[in-house]
Amino acid sequence: MNWRRLNYALHRDIGYISIGLTLLYAVSGLAVNHISDWNPSYRIETVQTRIEPLPAYLDRAEEAIPTILKRLGEKIEYENSFRPDPESIRIFLKGRSILANLATGDVVYDRAVPRPLLYELNALHLNRPKKAWTLVADLYAVALALLGVTGLFMFRERSWLISRGFWLIAAGVAIPLVGVLLL
Amino acid sequence: MIEPEEMETVNNSTTDRFYPCMNIVKCFIDSIAPIVLESAIKFYTTRYPMKAALSLLLAGLLTMAAATAEARNYGDPLTLKTPTPVSAILKNPNAFIGKTVQVRGLVVEVCAKRGCWLYLSGDKPFQKIQIKVVDGVIVFPMNARGKMATVEGIVEKLEMTRQQALTFHRHMAEETGQKFDPKTVTGPEISYQIRGTGATVEGL
């Protein structure tokens, strides 16, 4: 096998094996790139309601939890609670939380719902699993580098300076260079 | 009783309005994708049993790797033996600036977008302290809320002008999906946070 065939085979097979990860990083990359416009991993759902105020419990809010949950029609089962300010109490239920204002009776439920598929893709993109995924991501980076290098030698034209491949490569290299210059 | 399924979507509405294609993707995933997947698996396992077995093995490995995503330890291992009460840090923060401390408390808020910060409750009422971690190095999951956590990191002082404080609180409100009232920021602010290096969240 001559070097050109080997280069072609490498480029093709690395390309095949990288498809899954490329799509993962592409989809998640788009999602995470616009993080200032939206939350790519979770949908935050809130709903407001009101119960009868409980001002008598202001100095012992924890004791008001069963009453609050009862008035909301919830089971008297909760994980923890926290008092963010003298008027309010936050009650953590499984998968949700309730912020109740004892003085006004205002209640805000909230929960974070992981976005289907995107949550998992983003978790991998942001390398949440760490150790194992770091190795996968490193291998993918090497594969991309190989894909780039083998791609350099894909065109067959003798007069490479006037070939389409040369100018496309030049344009591809120019993009990050311009980015660096603009920093 | 308000079931989670009945909850109205309030804060994400603006977001999804700008990304209508997300609904199409969701619709595809929910309805068509399982049918296509099932047919593909049936065809593949009948025609190419060996390759199908290999694919299943790969899928299993990927699932295992993804399952480790919710590990309860984050970042560097904890090294200090005893935690410092949050109240002690907030009472005399200047004495702790630049020092590595370990704090323990209830996770009361988590950055919903990046998982790059959380608030830990103090040992006294109404107290909490922000733990900020480097984006991507540690990613706290939203289900850490309501769980006990032990965190180690370096105490830092943040001095903000009114404008910076406005931007900061607006950003925080966006990340937690809460409403922001600019009137709550009345002037320059000084706050203290812990630059987190490692954490353990219990019960995840």
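The model is predicted, so local features need a pLDDT of at least 70 and side-chain atom pairs count only at pLDDT 80 or more, while totals for chains, interfaces and linings use all residues. Residues are numbered from 1 along each chain as its sequence is written, and chains are lettered from A and ligands numbered from 1 in the order in which they are written.

The predictor gives the complex an ipTM of 0.75 and a pTM of 0.70. Per residue, confidence is given by pLDDT, which runs from 0 to 100. Chain B averages a pLDDT of 80. In that chain, 76% of the residues score at least 70. Residues 4–19 of chain B stay under 50. For this stretch the model has 24 contacts beyond four places in sequence. A contact means that the C-beta atoms of two residues, placed from the backbone, lie within 7 Å.

Chain A is divided into two parts. Domain 1 covers 3–37 + 116–182, and domain 2 covers 42–114. Such bounds come from an automatic or database domain assignment. The C-alpha centres of the two domains of chain A lie 48 Å apart.

Helices and strands are DSSP runs numbered from the N terminus (helices H or I, at least four residues; strands E, at least two). Two packed helices are described by the angle between their axes and the distance between the axes. In chain A, helix α1 (residues 3–33) packs with helix α4 (residues 131–152) at an angle of about 140 degrees. Their axes are 9 Å apart. Axes are lines fitted to C-alpha atoms, for helices over the stretch in contact, and angles run from 0 to 180 degrees between N-to-C directions. The crossing of α1(A) and α4(A) is left-handed; that is, the near helix is turned anticlockwise from the far one by less than a right angle. The residues of α1(A) in this contact include Leu10(A), Ile14(A) and Leu21(A). Among those they meet in α4(A) are Tyr140(A), Leu144(A) and Leu147(A). By class, the contact has 9 nonpolar, 6 polar and no charged residues. Here Ala, Val, Leu, Ile, Met, Phe, Trp, Tyr, Cys and Pro count as nonpolar, Asp, Glu, Lys and Arg as charged, and the others, Gly among them, as polar.

Chain A also holds an open sheet. Its 5 strands follow the order β1-β5-β4-β3-β2, with antiparallel pairing. Strands pair if DSSP finds at least two bridges between them. Strands β1 (42–50) and β2 of chain A stand at the edges with a single partner each, so one side of each has no neighbour in the sheet. Neighbouring strands are turned by 20 degrees against each other on average, direction ignored. Strand β2 (residues 80–82) of chain A is joined to β3 (residues 88–93) of chain A by 3 bridges. Asn80(A) has Phe92(A) as its bridge partner. Next, β3(A) pairs with β4 (residues 96–101) of chain A over 6 bridges. Ile89(A) is bridged to Ala100(A), and Arg90(A) stands opposite Leu99(A). This hairpin has 2 residues between its strands, and Gly95(A) in the turn has a positive phi of about 80 degrees.

Chain B has strand pairs too. Strands β3 (residues 117–121) and β4 (residues 128–132) of chain B are antiparallel over 5 bridges. Leu120(B) stands opposite Ile129(B). The hairpin has 6 residues between its strands, and Phe126(B) in the turn has a positive phi of about 70 degrees. In contrast, β4(B) runs parallel to β6 (residues 189–201) of chain B, joined by 3 bridges. There, Ile131(B) has Ile194(B) as its bridge partner.

Key. pLDDT is the predictor's confidence in each residue, from 0 to 100.
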